[in-house]
Amino acid sequence: MKKGLLKENKVLKINLLYILSILPLIIYSYYKNGFLAFHNGFMSFFPSLQYLIIPIIIIALSYVFETYYYLVIKKDEDMHNVINSVVPYTNALCYLVCGPLDRLYITIPLIIILDIIIKFIDTKFSINQIALFKCLLFVLLNLLGMYNNSNMYELNVTVNSNLTSYFIGNVVGEIGTTSILFSLIGLAILLFNKYYKKEIPIVTILSYAIVCVIIYFFTDLNFKQILINTMASGFVFATIFVAPLSVATPVVKTGTIIYSLLFGILSAIIVNATNFYLGIYILILILSLLTPLFNKFKLAIA
Amino acid sequence: MVLLKLTYEFDNDEKKLDIEKFECLDPENITIYTREGDTIYVATGDYVYINQLIKESTSGIKTYATISGKVKVEEGQIKVINDKTNSTLVSEEALDKIDDIRKDIIIKSCENLGIEYENKLIASHLKENNKLIVVNAMDIEPYQFNNNYQFQDNITALLTTLELLSNKFNVNAYLLLNKYDDNNIDAVKKVIDKYPNIIFKIIEDVYPYTTNQCVARKYFKDYTYNDILFLDTFALYKIYVALKEGLPVSERYLTVILNDAERVAVVNAKYGANIGTIIKDIIKIDTKDKDIYLNNFMRKVKCANIDSLIITDNIKTIFIMNHEEQKSSKCIKCGKCVEICPVKINPLADKLDPSCIRCGLCNYVCPANINLNNKEK
Ligand code: SF4
Ligand code: SF4
């Protein structure tokens, strides 16, 4: 017999695969925002390293906070809830969707404080943390007036935006969401995770593509513009990492498909008809809030 | 040697199992648990014979002594201390031939002995207007071989009884056999001509699709569940003994599995015999520091004290596994439990749908180790 009759705890493995899947993006984000900035003389060496150090601090701090939450507040006897927590991964994702700020370290307390707020909201509703994070973060950053002073690299080295640099991700945008290539590598890693809902990116991308074809025929947008909109909006990152985040997606197959269809169709409209890319995250947030509704679908069909 | 093929997470693993056989037909004592409302026909100090009526439950299910000896009535239980004689009460109703027995006599015989299947009197099953009789000669739960042996040992008796039921109640009778069980299929092939009324159906033994509910849904779509009289080989055997000898059956099979099927044993034991003793003294497995699961390890029903277990119809398999901490964590909403559910309900719902068959698959696939099917229906 290949396996024991009783199975081991799988959540830890699932979470490690999740974190592994965003490592290429984290490393690339360092290359783009840190290394290139240093290389081009916009930043000295040590500050450029913050793009490597801060995500690590965020992941580590998340574990510390989870330990505090479960062991001290919830009075758990052992660490299994900490080990099985998906929060370090979602917090790392949150870091990736932040803008490349001058004062990047501010993301650390911001993410941890938001994490605490969400912990208490989340016990009542099933919501997609990152979508919520992204919205809250955006509001906060705007309030603090920081996003406008994005780092020097963003301001000074705006690359000549051809399709290849969009694909690789060497364009203006959030810390880690711009690279299509490394998002796809992350997807390849996630596919090893049996518990990753791969039907969500598949259905989303298909429905998105169909709507794009319609947009192509019925508006005066050309193919290249649609492609650039898609790549610049962070849609691929959202589809691969944020939308399928299992804690806030339907558990019923039919519901999951409808969720992805809606996400694909509406995000195609948002991305191509508006420049309001944050709309993608608001959309995920709304769809996540509707999750209990999607879960009802199966019973109606079965 | 039995070839085993199971569902889903077992990767359709095929494994040849050497099954050891044991007997416990002369236990030191037997225990009969009693509940409030039961009618008890014996008192401390009485001497009882094999087949003597001991108690009757409120629903009419009767329990008989399976050994002869002195009775000790205690709080919540009755003990019979074996005096190792084979004195037995013989019924006057023993028949040479059961072929021309009438329908009402069949019902009466079962009623008199209060014999049951799935905690319901077989007599009341038989009285219902059944359109079909389906006998499952397979073991439903994974790693269970009781019905399998029951069938092997009593093939003629069982088929004769089924043929009789089919004739007298004028309904079609199906006998379900396991596709991978060559022994029984070969045995049936040899005698198939003698039983024209029985339809032999060979199906794939994939858990939990051999449970009665799933079988009804999959193979007998034209009938509602209540149209079908489901029996297993053991219930059929009880009917046979009731008709032929007018007596209750006093022993049954129990499967014992050690770890990942390192050892598989089938024990034929008297009702009421202590399972802890059987495992320690007869099969010789040390249960210290082991987890004991009843009937189906996937349901995650652990038994704290094996010494309190006795042979009854409700305990069919004992899994003895290395101790493992099974802590559950927060649900990650992966949806695997919903996906696997054979009756297509949502195991995550606050209240389980009544159609849940307690197969335990949702528990088994859950990566967060959540016990989903111990909720109220
Ligand atoms: S809810 Fe769980 S135990 Fe009940 S039928 Fe579905 S999978 Fe089996
Ligand atoms: S299998 Fe477990 S973790 Fe997955 S949705 Fe069901 S209960 Fe939640």
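Buried means under 20% relative accessible area, exposed over 50%, and partly exposed in between, with a 1.4 Å probe and protein chains only. The model is predicted: local features need pLDDT of at least 70, side-chain atom pairs count only at pLDDT 80 or more, and totals for chains, interfaces and linings use all residues; side-chain values use heavy atoms, with hydrogens and water left out. Residues are numbered from 1 along each chain as its sequence is written, with chains lettered from A and ligands numbered from 1 in the order in which they are written.

**View 1. Phe45(A) and Phe46(A) form an edge-to-face pair.**
Rings of Phe, Tyr and Trp (its six-membered ring) pair if their centres lie within 6.5 Å; planes under 30 degrees apart count as stacked, over 60 as edge-to-face and the rest as tilted. By this rule there are 21 aromatic pairs over all chains. In this one the centres are 5.4 Å apart and the planes stand at 70 degrees, so the pair is edge-to-face. Phe46(A) is exposed, with a relative accessible area of 65%. Phe45(A) has 37% relative accessibility and therefore counts as partly exposed.

**View 2. Tyr18(A) and Tyr89(A) form a stacked pair.**
The ring centres lie 4.6 Å apart, with 15 degrees between the planes. Tyr18(A) belongs to helix H1 (residues 11-39) of chain A and Tyr89(A) to helix H5 (residues 87-97) of chain A, so the pair ties together parts that are 71 residues apart in sequence. Helices (H or I, at least four residues) and strands (E, at least two) are DSSP runs, numbered from the N terminus. Both Tyr18(A) and Tyr89(A) are buried. A separate aromatic cluster is formed by Tyr28(A), Tyr31(A), Phe35(A) and Phe182(A).

**View 3. Two helices of chain A, H15 and H3, with their buried residues.**
Helix H15 (residues 278-289) has 12 residues. From first C-alpha to last, H15(A) reaches 17 Å, close to the 16 Å expected at 1.5 Å a residue; the expected span is 1.5 Å times one less than the number of residues. In H15(A), 9 of the 12 residues are buried, among them Leu278(A), Ile280(A), Tyr281(A) and Leu285(A). In helix H3 (residues 50-73), the buried residues include Tyr51(A), Ile54(A), Ile58(A), Phe65(A) and Tyr69(A). An α-helix has 3.6 residues a turn, so residues three or four places apart point the same way. Just after H3(A), Lys75(A) takes a positive phi of about 55 degrees.

**View 4. Strand E13 (residues 132-136) of chain B is mostly covered.**
Of its 5 residues, 5 are buried. Leu132(B), Val134(B) and Asn136(B) point one way from E13(B), while Ile133(B) and Val135(B) point the other way. Two strands pair if DSSP finds at least two bridges between them. E13(B) runs parallel to strand E14 (residues 172-178) of chain B, joined by 5 bridges. Ile133(B) has Ala173(B) as its bridge partner in E14(B). E13(B) also pairs in the parallel sense with strand E16 (residues 228-232) of chain B, over 5 bridges. There, Asn136(B) stands opposite Asp232(B).

**View 5. An open, antiparallel sheet of 4 strands in chain B.**
The strand order is E4-E10-E9-E6. Strands E4 (29-33) and E6 (47-48) are the edges, each pairing on one side only. Strand E9 (residues 69-74) and strand E10 (residues 77-82) share 6 antiparallel bridges. Lys70(B) stands opposite Ile81(B) in E10(B).

**View 6. Charged ends over aromatic rings.**
A charge sits over a ring if NZ of Lys or CZ of Arg is within 6 Å of the ring centre and within 35 degrees of the ring normal. The charged end of Arg252(B) sits over the ring of Phe234(B), 4.7 Å from its centre. Lys336(B) places its charged end over the ring of Tyr195(A), 5.7 Å from its centre.

Lys333(B) lies in the loop between strand E21 (317-322) and helix H9 (336-340) of chain B. Lys333(B) is partly exposed, with a relative accessible area of 25%.
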